[in-house]
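These notes are meant for someone opening the model for the first time. Please keep the structure in view while going through the points.

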Amino acid sequence: MIEVEVRGDLEYAIRQLKKKLQIDGIKRELKRREYYEKPSVKKRRKEAEARRKLRKFNRIRKSL
């Protein structure tokens, strides 16, 4: 569960909540579930995400 403590500035609290939602990937998940996704499209998307994660991991690993 995501929690944001509001101590005064409501605008600041909203920005913090949006940042936490983005980091957790909840916004992306909600947008993705907005419409039905065919199984073939879902498979291609998952494969692309895996390739993207692998490239990112390899980039990080090379910099170390």
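1. Start with Arg-45. Apart from neighbours within four places in sequence, Arg-45 is in contact with Arg-32 and Glu-37, contact meaning heavy atoms within 4.5 Å. Arg-45 lies in helix 3; helices (H or I, at least four residues) and strands (E, at least two) are DSSP runs, numbered from the N terminus.

2. A word on the basis of these notes. The model is predicted, and local features need pLDDT of at least 70, side-chain atom pairs count only at pLDDT 80 or more, while totals for chains, interfaces and linings use all residues. Residues are numbered from 1 along each chain as its sequence is written, and side-chain values use heavy atoms, with hydrogens and water left out.

3. Is Arg-45 buried or exposed? Arg-45 has a relative accessible area of 19% and is therefore buried: the label buried means under 20% relative accessible area, exposed over 50%, and partly exposed in between (1.4 Å probe, protein chains only). Glu-37 is buried as well.

4. Arg-45 and Glu-37 form a salt bridge, with their closest N and O atoms 2.9 Å apart. The term covers a side-chain nitrogen of Lys or Arg within 4 Å of a carboxyl oxygen of Asp or Glu. In general, side chains of opposite charge can pair when their charged atoms come close.

5. How many salt bridges does a search of the whole structure find? The search finds six. One joins the side chains of Arg-32 and Glu-37 (3.3 Å, N to O); Arg-32 is partly exposed because its relative accessibility is 27%. Another joins Arg-33 and Glu-29 at 2.6 Å, N to O. Arg-33 is exposed, at 59% relative accessible area, whereas Glu-29 is partly exposed, at 28%.

6. A positive surface patch is made up of Arg-28, Lys-42, Lys-46, Arg-51, Arg-52, Lys-53, Arg-55, Lys-56 and Arg-59. Helix 3 (residues 39-63) supplies the largest share of this patch, eight residues. Patches take residues with over 30% relative accessible area and no salt bridge, joining like charges within 9 Å and nonpolar side chains (Val, Leu, Ile, Met, Phe, Trp, Tyr) within 5 Å. Lys and Arg count as positive and Asp and Glu as negative, with His and the chain ends not counted; a charge is placed at NZ of Lys, CZ of Arg, CG of Asp or CD of Glu.

7. Arg-51, one of the patch residues, is found in helix 3 and is partly exposed, at 48% relative accessibility. Leu-64 sits in the segment after helix 3 and is exposed, at 85%.

8. A nonpolar surface patch consists of Val-6, Leu-10 and Ile-14, which together have about 260 Å² of accessible area. Accessible areas come from the Shrake-Rupley method with a 1.4 Å probe; for residues, only the protein chains shown count as cover. Val-6 lies in the segment before helix 1 (10-24).

9. Lys-27 is found in helix 2 (residues 26-32) and, at 45% relative accessibility, is partly exposed. Setting aside neighbours within four places in sequence, Lys-27 is in contact with Lys-18, Leu-21 and Gln-22.
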